[in-house]
Amino acid sequence: MATNITYHPGSVDAAERTNLLQQKGVTIWLTGLSASGKSTIACALEQHLLHIHKFTYRLDGDNVRFGLNKDLGFDEKSRNENIRRIGEVSKLFADASCIAITAFISPYRTDRAVAREIHDKAGLGFVEVFVDAPLEVVEQRDPKGLYKKARAGEIKEFTGISAPYEAPEKPELHIKTNEVNVTEAVKIIIDYLIVHGYCT
């Protein structure tokens, strides 16, 4: 990192921003296997929050790789950097008093811990949501046909098949999408946000 830089604080502090917007920023970090339901829940959650007039924005794994992270591959080092960058970006949204929703496989515990630490250091909320479904269920869903390609060896380093997924040990929320539908999943998250003062 460059040494000839200086942090320049703004003229609006976090308390004033929260008071003016009547909203406290937080990142909802959805993690889980491909086809577990992360993006579906993220879209529904974003829509619900906007309809109740909450400042919110969704960051999706595939979408971010079209721009900010288009220079990254899927090897472990690239995955690490992918999640670090998203941790920093979602922190900026949360610092703006936004409810940031991220939907990324983010397979490694250490990477998710880095994202949490980025928020913790800034005094911002971070809610890890494990979007869980058994491998046989996600393979059956497989809307993009990725598991089939991975099984055939057409995709290397595919999470859950040829690359590991390290499930969260103590997520704030654990949603089993083979047991609850999208509406129920959104309600679980909204209820958590209400209880912890992020949503009214």
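Here is a walk through this structure, from its core out to its surface. Keep in mind that what you are looking at is a predicted model.

Let's start inside. The largest nonpolar core has 23 residues, and the ones that touch the most other members are Ile28, Leu30, Leu45, Val129, Ile189 and Leu193. Helix 8 is the top contributor to the core, giving 6 residues.

Next, the aromatic rings. A pair of rings is described by how far apart the centres are and by the angle between the planes. There are 5 aromatic pairs here. Take Phe130 and Tyr165: their ring centres are 6.1 Å apart and their planes meet at 25°, and since planes under 30 degrees apart count as stacked, this pair is stacked. Phe130 belongs to strand 4 (residues 125-132), while Tyr165 is in the loop between helix 7 (146-151) and strand 5 (173-176), so the pair ties together parts that are 35 residues apart in sequence. Both Phe130 and Tyr165 are buried.

Now look at Tyr147 and Phe158, an edge-to-face pair with 4.9 Å from centre to centre and 85° between the planes. Tyr147 is part of helix 7 and Phe158 sits in the loop between helix 7 and strand 5, so this pair links parts that are 11 residues apart in sequence. Tyr147 and Phe158 are buried too. Elsewhere, Trp29, Phe104 and Phe126 come together as one aromatic cluster.

Lys24 lies over the face of Tyr198, 4.7 Å from the ring centre.

Find Ser106 in the loop between strand 3 and helix 5 (109-121). Ser106 isn't a glycine, yet it has a positive phi of about 35°. Is Ser106 buried or exposed? Its relative accessible area is 2%, so Ser106 is buried.

Asp142 is another non-glycine residue with a positive phi, this time about 30°. You'll find Asp142 in the loop between helix 6 (135-141) and helix 7. With 13% relative accessibility, Asp142 counts as buried, because the cut-off for that is under 20%.

Pro168 is in the loop between helix 7 and strand 5, the loop that also holds Tyr165 and Phe158. At 10% relative accessibility, Pro168 counts as buried. Trace the chain from Gly32 to Pro168 and you cover 136 residues, but the C-alpha atoms of these two are separated by 9.0 Å.

Finally, come out to the surface. Leu20, Leu21 and Phe55 form a nonpolar patch there, with about 310 Å² of accessible area together. Leu21 is in helix 1 (residues 14-21). How does Leu21 count, given its 45% relative accessibility? Buried means under 20% and exposed means over 50%, so Leu21 falls in between and counts as partly exposed.

Conventions:
Residues numbered from 1 in each chain as written. Predicted model: local features only at pLDDT ≥ 70, side-chain atom pairs only at ≥ 80, totals over all residues. Heavy atoms only, no water. Patch = residues over 30% accessible without salt bridge, like charges linked within 9 Å, V, L, I, M, F, W, Y side chains within 5 Å. Areas by Shrake-Rupley, 256 points an atom, 1.4 Å probe, with all protein chains shown as cover. Salt bridge = Lys/Arg side-chain N within 4 Å of Asp/Glu carboxyl O. Helix = DSSP H or I, 4+ residues; strand = E, 2+ residues; numbered from the N terminus. Buried < 20%, exposed > 50% of the residue type's maximum accessible area, 1.4 Å probe, protein only. Phe/Tyr/Trp six-rings, centres within 6.5 Å; stacked < 30°, edge-to-face > 60°. Lys NZ or Arg CZ within 6 Å of the ring centre and 35° of its normal. Core = buried A, V, L, I, M, F, W, Y, C linked by side-chain atoms within 4.5 Å.
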